[in-house]
Amino acid sequence: MHLYPKNPHILNNLGNIYNEQGLYHEAIKYYELSLMYENSPNTHFNLAVALEKTGNIEKAIHHYGEVLKINPTDREAKIRIEKLISDMGSN
């Protein structure tokens with residue numbers, strides 16, 4: 001059994017470490033754990049980026065959308081959603 005910290009910031013940071021190493025599935029696991037403790041737009045954004053890198057575009061769009069629900073003025077999340085939807089339409 002793995003013991004995970006219950007601190008969302010530590011979990012998000014662990015996700016960032018895995019993400020930087022290209023271990024996207026591990027990163028996703030820690031971002032999802034972090035979101036269990038705090039509905040953070042930063043964590044949703046990080047999760048969406050990792051999901052994009054694994055090709056899970058629909059879930060990535062969902063989490064960018066969660067960023068916009070929390071922070072409707074987040075320009076980067078809006079741009080990424082528009083690009084992903086545009087890319088999906090051109091395939």
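Q: Before anything else, what counts as a helix here?
A: A helix is a DSSP run of H or I with at least four residues, and helices are numbered from the N terminus. Strands are DSSP runs of E with at least two residues. One caution: this is a predicted model.

Q: OK, how many helices and strands are there in the protein?
A: The protein has five helices and zero strands. Read from the N terminus on, the elements go α-α-α-α-α.

Q: And how compact is the protein for 91 residues?
A: It is as compact as a globular protein of that length, because its radius of gyration is 13 Å, close to the 12 Å from the globule rule. The C-alpha trace spans about 45 × 25 × 20 Å along its principal axes.

Q: How much of the protein is buried?
A: Of the 91 residues, 36% count as buried. The accessible surface comes to about 5700 Å², and 54% of that belongs to carbon and sulfur atoms.

Q: What's in the largest nonpolar core?
A: That core has 18 residues, and F45, L47, A60, Y64 and A77 have the most contacts inside it. Helix 2 (24-37), helix 3 (41-53), helix 4 (57-70) and helix 5 (75-90) each give two or more residues to it. The largest share, six residues, comes from helix 3.

Q: Let's pick one of those. What does A77 touch?
A: Not counting residues up to four places away in sequence, A77 touches F45, Y64, V67 and L68.

Q: Going over to helix 4, which of its residues are buried?
A: In helix 4 the buried ones are A60, I61, H63, Y64, E66, V67 and L68. Their cover includes helix 2, helix 3 and helix 5.

Q: What about the length of helix 4: what should its 14 residues span?
A: At 1.5 Å a residue they should span 20 Å, and the end C-alpha atoms are 20 Å apart, so the two agree.

Q: What does helix 2 look like by that check?
A: Helix 2 also has 14 residues, which should span 20 Å at 1.5 Å a residue, and its end C-alpha atoms are 20 Å apart, which agrees. Its buried residues are A27, I28, Y30, Y31, L33, S34 and L35. Helix 1, helix 3 and helix 4 are among what covers them.

Q: New topic: how many salt bridges does the structure hold?
A: Six. One of them joins the side chains of K69 and E66, at 3.0 Å from N to O.

Q: Why can charged side chains pair up at all?
A: Side chains of opposite charge can pair when their charged atoms come close.

Q: And how far apart are K69 and E66 in helix 4?
A: They are three residues apart, so about one helical turn separates them. An α-helix has 3.6 residues a turn, so residues three or four places apart point the same way.

Q: Are those two buried or exposed?
A: One of each! K69 counts as exposed, at 64% relative accessibility, while E66 counts as buried, at 14%.

Q: How exposed are K83 and D87?
A: K83 is exposed, with a relative accessible area of 51%, and D87 is partly exposed at 30%.

Q: Last one: how far is R80 from G65?
A: Their C-alpha atoms are separated by 10.0 Å, and the two are 15 residues apart along the chain. G65 lies in helix 4 and is partly exposed, with a relative accessible area of 22%.

Conventions:
Residues numbered from 1 in each chain as written. Predicted model: local features only at pLDDT ≥ 70, side-chain atom pairs only at ≥ 80, totals over all residues. Heavy atoms only, no water. Core = buried A, V, L, I, M, F, W, Y, C linked by side-chain atoms within 4.5 Å. Buried < 20%, exposed > 50% of the residue type's maximum accessible area, 1.4 Å probe, protein only. Contact = heavy atoms within 4.5 Å. Expected span 1.5 Å × (residues − 1). Salt bridge = Lys/Arg side-chain N within 4 Å of Asp/Glu carboxyl O. Rg over C-alpha atoms; globule rule 2.2 N^0.38 Å. Areas by Shrake-Rupley, 256 points an atom, 1.4 Å probe, with all protein chains shown as cover.
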